[in-house]
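Subject: Structure handed over, with notes

Dear colleague,

I am passing on a structure for you to look at, and my notes on it follow below. Please read them with the coordinates open beside you.

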Amino acid sequence: MTELLSGIRVLDLTNVLAGPYCAYQLALLGADVIKVEAPQGGDLARQLGGSPELNGAGMGTSFLAQNAGKRSVVLDLKKPADRERFLDLVASADALVENFRPGVMDRLGLGHEALKVVRPGLVYCAISGFGQTGPMRDNPAYDQIIQGLSGIMSITGTPETAPLRVGYPVADTLGGLVGAFAVAAALVRQRTGGEGAFLDVSMLECTLSALGWPVSNYLTAGVDPRPMGNENMTAAPSGAFRTGDGLLNIAANKQEQFVALCRLIDRPELAGDARFAERETRKRNRAALKVEIERALANASAATWEETFNRAGVPAGRVLTIPQVLAEPQVLERQVTANFHGVAGMDRPLTVLRGGFMVDGAPPLPTRPPPALGAHMDEVFADLPPRAKAKVRA
């Protein structure tokens with residue numbers, strides 16, 4: 001049984017990535033996630049992605065990536081009638097997630113203080129670029145802006161190429177994960193004591209928190225983190241190495257792993273070389289060590305070395321492309337994806353990713369495909385609890 005949040009209703013007022021990803025994690029765990037969208041196009045992600053046809057149909061691949069398992073209704077929260085219908089939904093909900101700029105919901109008369117009158121105990125999660133307070137609270141925030149401000153870009157790339165953006169929206173994704181974690185924790189308190197919560201999630205702070213190692217090196221050891229490309233500042237040999245066919249990541253971080261590596265590449269003398277004999281000397285001479293290792297690795301492919309090293313307890317893995325990793329037997333066996341047929345706007349099956357964990361040995365998969373805009377209006381409003389339905393009739 002993977003539906004750990006069965007019986008929980010979440011209102012998803014979010015757009016694009018951080019908020020939708022947060023609500024997607026909750027949907028994967030069995031929550032009834034109702035996506036509340038504006039009638040004029042809905043979530044902007046419906047228009048984003050690599051397929052112009054799907055973008056035009058309001059089912060862009062960016063939207064498809066993180067909205068399976070949800071239901072969609074359309075409400076114009078600036079109109080009194082729709083605001084009343086929204087409040088009916090709030091009365092039936094356990095949690096709400098929004099990622100507007102701070103103050104937007106308050107100006108609509110639908111902020112946390114107003115909504116907890118309608119639904120005492122509501123868990124209200126506000127995801128924003130910088131949080132609800134501070135001098136930057138009103139600044140617009142996109143993933144790349146946060147990456148730059150957080151310090152991630154300053155340590156990504158090589159000394160010659162940095163600063164570089166991480167190749168996917170990592171700050172948005174971290175904001176969504178932290179938001180989902182916070183909502184799940186707040187729901188525990190709600191269930192045990194009836195108390196709600198206001199969760200103020202800052203993408204900048206989420207990203208900075210995830211930079212624990214480099215930040216700690218600076219705050220505690222006084223070491224200003226620098227870009228090191230594919231090298232690992234804590235150990236050597238630890239990074240990406242050229243082989244006879246493709247790149248191979250090797251993490252021989254322990255002394256016994258380094259000794260085993262030298263034996264496996266038929267260069268046992270490297271382990272006794274004064275330049276490489278200890279962790280700190282290897283770090284100081286990592287460039288020379290890499291030359292020696294890559295010379296030996298040129299004799300076989302990355303896949304061959306990966307199998308050889310891992311069998312001997314030396315951590316190693318090929319550097320794969322997205323298509324390659326999706327075809328890996330490990331990924332296929334663990335059922336990392338779910339398939340849907342008959343998705344609105346698509347003439348072929350849709351495959352989406354699930355979350356990164358199993359529950360009691362089973363993968364938590366979305367139960368329905370990403371919704372067309374407003375597809376569940378009748379279903380959702382007909383299914384409101386008696387107290388909320390009475391309001392609609394009035």
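D266 counts as exposed, because its relative accessibility is 61% and the cut-off for that class is over 50%. Please bear in mind here and throughout that this is a predicted model. The residue sits in the loop that links α11 (255-264) and α12 (279-284), and its phi is near 65°, which is a positive value in a residue other than glycine. A second residue of this kind is V16, where phi is near 70° and the residue is again not a glycine. V16 belongs to the loop between β1 (9-12) and α1 (18-28), and with a relative accessible area of 31% it is partly exposed. As background, most residues other than glycine have a negative phi, and most peptide bonds are trans.

The bond that joins A162 and P163 is cis, with an omega of about 0°, and P163 is placed in the loop between α7 and α8. The bond from A236 to P237 is likewise cis, with omega near 0°, and P237 is found in the loop that runs between α10 (212-221) and β7.

The two helices on either side of the loop with P163 pack against each other: α7 (residues 143-150) and α8 (residues 170-193) meet at an angle of about 90°, and their axes are 7 Å apart. Since angles of 65 to 115 degrees count as roughly perpendicular, α7 and α8 are therefore roughly perpendicular to each other. On the α7 side the contact is made by D143, I146 and Q147, and on the α8 side by V170, A171 and D172. Sorted by class, the residues in this contact of α7 with α8 are three nonpolar, one polar and two charged.

Finally, some values for the chain as a whole. The protein chain contains 18 helices and eleven strands, and its C-alpha atoms fill a box of roughly 85 × 50 × 40 Å along the principal axes. Of its 394 residues, 45% count as buried, while the accessible surface comes to about 19,500 Å², with 56% of that area belonging to carbon and sulfur atoms. Among contacts in the chain with a separation of 6 or more, 68% are between residues 24 or more positions apart.

Technical notes
Residues numbered from 1 in each chain as written. Predicted model: local features only at pLDDT ≥ 70, side-chain atom pairs only at ≥ 80, totals over all residues. Heavy atoms only, no water. Axes fitted to C-alpha atoms, helices over the stretch in contact; angles between N-to-C directions. Helix = DSSP H or I, 4+ residues; strand = E, 2+ residues; numbered from the N terminus. Parallel < 35°, antiparallel > 145°, perpendicular 65-115°, else oblique. Contact = heavy atoms within 4.5 Å. Nonpolar A, V, L, I, M, F, W, Y, C, P; charged D, E, K, R; others polar. Buried < 20%, exposed > 50% of the residue type's maximum accessible area, 1.4 Å probe, protein only. Areas by Shrake-Rupley, 256 points an atom, 1.4 Å probe, with all protein chains shown as cover.
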